[in-house]
Amino acid sequence: MNTILYIVIPCYNEEQVLPITAKMFLEELMLLIEKGKIAKESKILFVNDGSKDCTWEIIKQLSKENKKFRGISQSRNRGHQNAVLAGMMEAKEEAADIVISIDCDGQDDITAMEQMVDGYHKGFEVVYGVRSNRDSDTFFKRFTAQAFYKLLDKMGVEIVYNHADYRLISARVLKEFANFKEVNLFLRGMIPLVGFKSTCVYYERHERIAGKSHYPMVKMLALALEGITSLSIRPLRLIMGLGTIGAIISFIGVVWALLKGLSGHTIAGWTSMVCIVCFIGSIQLICIGIIGEYIGKIYMEVKQRPRYIISERTCEKEGA
C-alpha cells in the first residue's frame, strides 16, 4: 500500500507518559507498515502545545533517535483542539493520505488504528473511534458524560455518541475541512459537518498510563459550553421561548391584579412581589449571560486571529 499515514498526537506537559507511549505508537506504526497497510513514509507527529515541562525536549530527542518521529511546537499553549488542528493541517501540508489523531496518555486503544486503516481501504473517508463502554469511569463521570452527549444532541449538534478526538480522516476530508475558519473549535462536532462516507470502530478505553489528566471537570464543562455555543443557536431560541412564556404569565398576572383591584379584594403582596422580582431578575441575568457568550464568540471570530502558530519544528517539512 502507498497510503501515507500521519499519527497526530497533541502533547501538553506529558513528560511522564510520553517516553512510554511513544514506543507503543512506533510499534503500531511499524506493524502496519510490515503488514503492507500503510506506506513506509508514514510518520508520528507530536504537537507540543506550549508545555511547561520537558515535553518538547523529549520530542526533539525522539526525533533525533528515529526519523519516524516528527514534532512541531506551538508558540504558546492554545488548547487541545487547536493543537489537534495544527497537527492535522501540518500533516495535510506534508501530503499525508490519512491522519489519525489520538491523545498521548495511552488511554485510547492504539491497536484500533489497524481497524481504522482497514475502514479507509474499504472506502470510508472518516473513521470514528468510539468507546464501547464506560465501565472504567466513576458513576459521576459516566453520568455527566452521557448527559453531555444527550444535551448536545438536544441542542442540535451533530455528534457521534461516546466519540472524543480519536479518529481517522482522509486527505480529501482535510482539504475540505481547511475551509472551516472558526476560531472557536469543537472538532468532534465540526468533522461530521464536512460530510463524506464515515463509519465507527469500537474499543475499550483504559486508565491513564502515567501522569495526570489535563481535563478536570471545569475544562469538561467549558468544552461542553464551547460545543453548544459554537455549533447551535438553539439556546437563543430557548430564550425567545422563555420570554414568550414569561410574557404570557405576566399578562395573566396583570389581568388577575386588575380584577382583584376592581372587586376591592386587594392584598398586601410584598412577599409575592419580591419573589416575582427575584425570579424575573435571575431569568434576565441568565438570558443576558447566554447572549453575551454568543456575542463574545462573534467578537473573537471577527478578529480572525490565527488558531495556532508553530514556532519550531524538529526538522524541515518533507520536500522543503
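Here is a short chat about reading this predicted model.

Q: How many helices and strands does the protein chain have?
A: The protein chain has ten helices and eight strands. Buried residues make up 42% of its 320 residues.

Q: What share of the contacts join residues at least 24 apart?
A: Take contacts between residues at least 6 apart in sequence: 84% of them join residues at least 24 apart.

Q: Which residues of H1 are buried?
A: First the general idea: an α-helix has 3.6 residues a turn, so residues three or four places apart point the same way. Now the case here: Leu18, Thr21, Ala22, Phe25, Leu26, Glu28, Leu29, Leu32 and Ile33 are buried in H1. They cover an arc of only 165° around the axis, so they sit on the same side of H1.

Q: What covers the buried residues of H1, and which exposed residues are on the face turned away?
A: The cover includes strands S1 (5–11), S2 (43–48) and S3 (69–74), along with helices H2 (55–65) and H4 (112–121). The face turned away from the buried side carries the exposed residues Lys23, Glu27 and Glu34. Just after H1, Gly36 takes a positive phi of about 75°.

Q: On to charges. How many salt bridges does the structure hold?
A: A salt bridge pairs a side-chain nitrogen of Lys or Arg with a carboxyl oxygen of Asp or Glu within 4 Å. The structure holds ten salt bridges. In one of them, Glu312 pairs with Lys60, with the closest N and O atoms 3.9 Å apart. That pair links distant parts of the chain, since Glu312 is in strand S8 (residues 310–313) and Lys60 in helix H2, 252 residues apart.

Q: Where do Glu125 and Arg172 lie?
A: Their side chains meet in a salt bridge (3.3 Å, N to O). Glu125 lies in the loop between H4 and strand S5 (126–131) and Arg172 in helix H6 (residues 171–177), so the pair ties together parts 47 residues apart in sequence. Glu125 is buried, at 15% relative accessible area. Elsewhere, salt bridges that share partners join Lys35, Lys37, Glu114 and Asp118 into one network.

Q: And which residues form a nonpolar patch on the surface?
A: Leu236, Ile291 and Ile295 do, with about 240 Å² of accessible area together. Ile295 belongs to helix H10 (residues 270–303). Exposed means over 50%, so Ile295 counts as exposed with its 51%.

Conventions: Residues numbered from 1 in each chain as written. Predicted model: local features only at pLDDT ≥ 70, side-chain atom pairs only at ≥ 80, totals over all residues. Heavy atoms only, no water. Buried < 20%, exposed > 50% of the residue type's maximum accessible area, 1.4 Å probe, protein only. Helix = DSSP H or I, 4+ residues; strand = E, 2+ residues; numbered from the N terminus. Arc of directions from axis to C-beta. Contact = heavy atoms within 4.5 Å. Patch = residues over 30% accessible without salt bridge, like charges linked within 9 Å, V, L, I, M, F, W, Y side chains within 5 Å. Areas by Shrake-Rupley, 256 points an atom, 1.4 Å probe, with all protein chains shown as cover.
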